[in-house]
Amino acid sequence: MTSRPVHRPDRRRAIALVGGGVVVAGFGLPGCSSDYPAATLQAWQAPPLDGDLRRFMLAHGLLAPNPHNRQPWLADLRRDGEITLVCDKDRLLPQTDPFGRQILIGCGAFIELAVIAAAQRGHRVRVEPFPEGEPGANELPGGHVVARLLLTPDPATPRDPLFEQIRRRHTHKGAYDNSRQVPAELWQQLGAISRERGLLAGEIFDAPRVDQVRRITRESFEAEVTTARTWLESAHLLRIGPTEIEQHRDGISIMAALPRFMSSIGVFDRFEVPVRGNSNFARVMERWLPHETGSGYHWIASRGNSRRSQLDSGRAYVRAHLLACAAGADMHPLSQALQEFAEVRPQYDALLRLLGFDAAQTTIQMLARVGYGATAAPPTPRRDLAQLVRA
Ligand SMILES: Cc1cc2nc3c(=O)[nH]c(=O)nc-3n(C[C@H](O)[C@H](O)[C@H](O)COP(=O)(O)O)c2cc1C
């Protein structure tokens, strides 16, 4: 289990889908815990160091950050000494991620954590991305072999110092302390991780540009939540209360008591699409406010937009997040402006202009706010290892 204390959400009479993953909504009911059911957090317990190596790797891989906590991966273990990672066609986000770019970033993060875990057990891993060919640029990657991981025992393999952070890393979606600045050295280290892997990366922490990014992310969030098909995609992934959370162990989890009650009596209708100006929209935007806190933003981009560069971005992103975690800092991707549906194109173009990129040459793969959360972030549910293994 994570060594950090569990975050208690703030108590506000509001509920919203805020950008993927966990939504916190506390309503001040005494005695009502918002902690997830213990079984859904089992995956965060350390697996035995002497157990089956490939399952040890997978047990770390599945803790990867991934869009909407879809956990879009399957692992085929039928070839000895290898893991064949397949993108699960039933765990995609066709509306908000129509080409599976973000899904593959999540798969890249999975690979990186699995490789770090193998090193801990004295094994080198040769990663062969898309051994059967890359999915087409405008195709969803479901069912494609994402990578083959070939294992070689080698006691000289250096242990990765970031291993210790894997079970401590959680995406912090709450308010950050605006008075604390990320040190220049940490910004530099975060960017270096991507640049060493042939990606572009950098940081935005000067006040005028931070303001611009806040506006861009807010406007893209507004566009996402007021567009019926993208709102509804998230609404279908809402897991309200312990029964739904235990049943699915993915998506956007809500444990607080009053939303559960409101949902059960039909006062809160998850399928009601917010409309600019109505009260539902106002509540949703109120929940956005903490996302405009923090020291600045870390971004990752690639020349072109190959499937391989998407995997590489995921590998680099999770390393950056682990590094931030080691330094006591928090990270939180804000992806709405980067998504490929038409309604957020103006915001994507604004972000490209801000970073001085040309859309024809460069793709922004990740944008994450960085800072120091007022409280520690909670672990999010994961499905059992057995559900992703094909043996
Ligand atoms: C490609 C990608 C995009 C993401 N975009 C968002 C986002 O827009 N908003 C958000 O709150 N979280 C976003 N996340 C974070 C996920 O919601 C989070 O990783 C997931 O819920 C699992 O939680 P954990 O990272 O704490 O383990 C993103 C993660 C990835 C890998």
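Author: A crossing is left-handed if the near helix is turned anticlockwise from the far one by less than a right angle, and right-handed if clockwise. Helix 3 passes helix 9 in the right-handed sense. The model is predicted: local features need pLDDT of at least 70, side-chain atom pairs count only at pLDDT 80 or more, and totals for chains, interfaces and linings use all residues. Residue numbers start from 1 along each chain as its sequence is written.

Reader: Why are helix 3 and helix 9 called roughly antiparallel?

Author: The axes of helix 3 (residues 184-195) and helix 9 (residues 307-326) cross at roughly 155° and come within 9 Å. Axes are lines fitted to C-alpha atoms, for helices over the stretch in contact, with angles from 0 to 180 degrees between N-to-C directions. Under 35 degrees is roughly parallel, over 145 roughly antiparallel, 65 to 115 roughly perpendicular and the rest oblique. Helix 3 and helix 9 are therefore roughly antiparallel.

Reader: Which residues make that contact between helix 3 and helix 9?

Author: Gln189, Leu190, Ile193 and Ser194 of helix 3 meet Ala316, Arg319, Ala320, Leu323 and Ala324 of helix 9 (contact: C-beta atoms, placed from the backbone, within 7 Å). These residues comprise six nonpolar, two polar and one charged (Ala, Val, Leu, Ile, Met, Phe, Trp, Tyr, Cys and Pro are nonpolar, Asp, Glu, Lys and Arg charged, the others, Gly among them, polar).

Reader: What makes helix 1 oblique to helix 2?

Author: The axes of helix 1 (residues 53-61) and helix 2 (residues 101-120) cross at roughly 135° and come within 7 Å. That angle makes helix 1 oblique to helix 2. The crossing is right-handed. On helix 1 the contact involves Phe56, Met57, Leu58, His60 and Gly61, and on helix 2 Phe110, Leu113, Ala114, Ile116, Ala117 and Ala118. Nine of the contact residues are nonpolar, two are polar and none is charged.

Reader: How do you know that helix 1 is largely enclosed by the rest of the structure?

Author: Seven of its nine residues are buried, so helix 1 is described as largely enclosed (buried: 20 or more other C-beta atoms within 10 Å; exposed: 12 or fewer; partly exposed: in between). The buried residues are Arg54, Phe56, Met57, Leu58, Ala59, His60 and Gly61. Their cover includes strand 1 (73-76), strand 2 (82-87), helix 2 and strand 11 (389-390).

Reader: Which residues have the most contacts inside the largest nonpolar core?

Author: They are Leu85, Cys107, Phe110, Ile111, Leu113, Ala114 and Leu367, in a core of 75 residues (a core joins buried Ala, Val, Leu, Ile, Met, Phe, Trp, Tyr and Cys through C-beta atoms within 7 Å). Helix 2 supplies the largest share, 13 residues. Leaving out residues up to four places away in sequence, Phe110 touches Gly61, Leu62, Ala64, Trp73 and Leu85. A separate core of nine residues includes Leu237, Ile240, Ile245 and Met255.

Reader: Why is Pro346 called partly exposed?

Author: Pro346, in helix 10 (residues 345-355), has 14 other C-beta atoms within 10 Å, which places Pro346 in the partly exposed class.

Reader: What makes Gln71 and Arg249 buried?

Author: Gln71 has 24 C-beta neighbours inside 10 Å and therefore counts as buried. Arg249 has 24 other C-beta atoms within 10 Å, so Arg249 is buried. Gln71 lies in the loop between helix 1 and strand 1, and Arg249 in the loop between helix 6 (241-248) and strand 7 (252-254). Phi is near 55° in Gln71 and near 55° in Arg249. Most residues other than glycine have a negative phi.

Conventions. Helix = DSSP H or I, 4+ residues; strand = E, 2+ residues; numbered from the N terminus. Contact = placed C-beta atoms within 7 Å.
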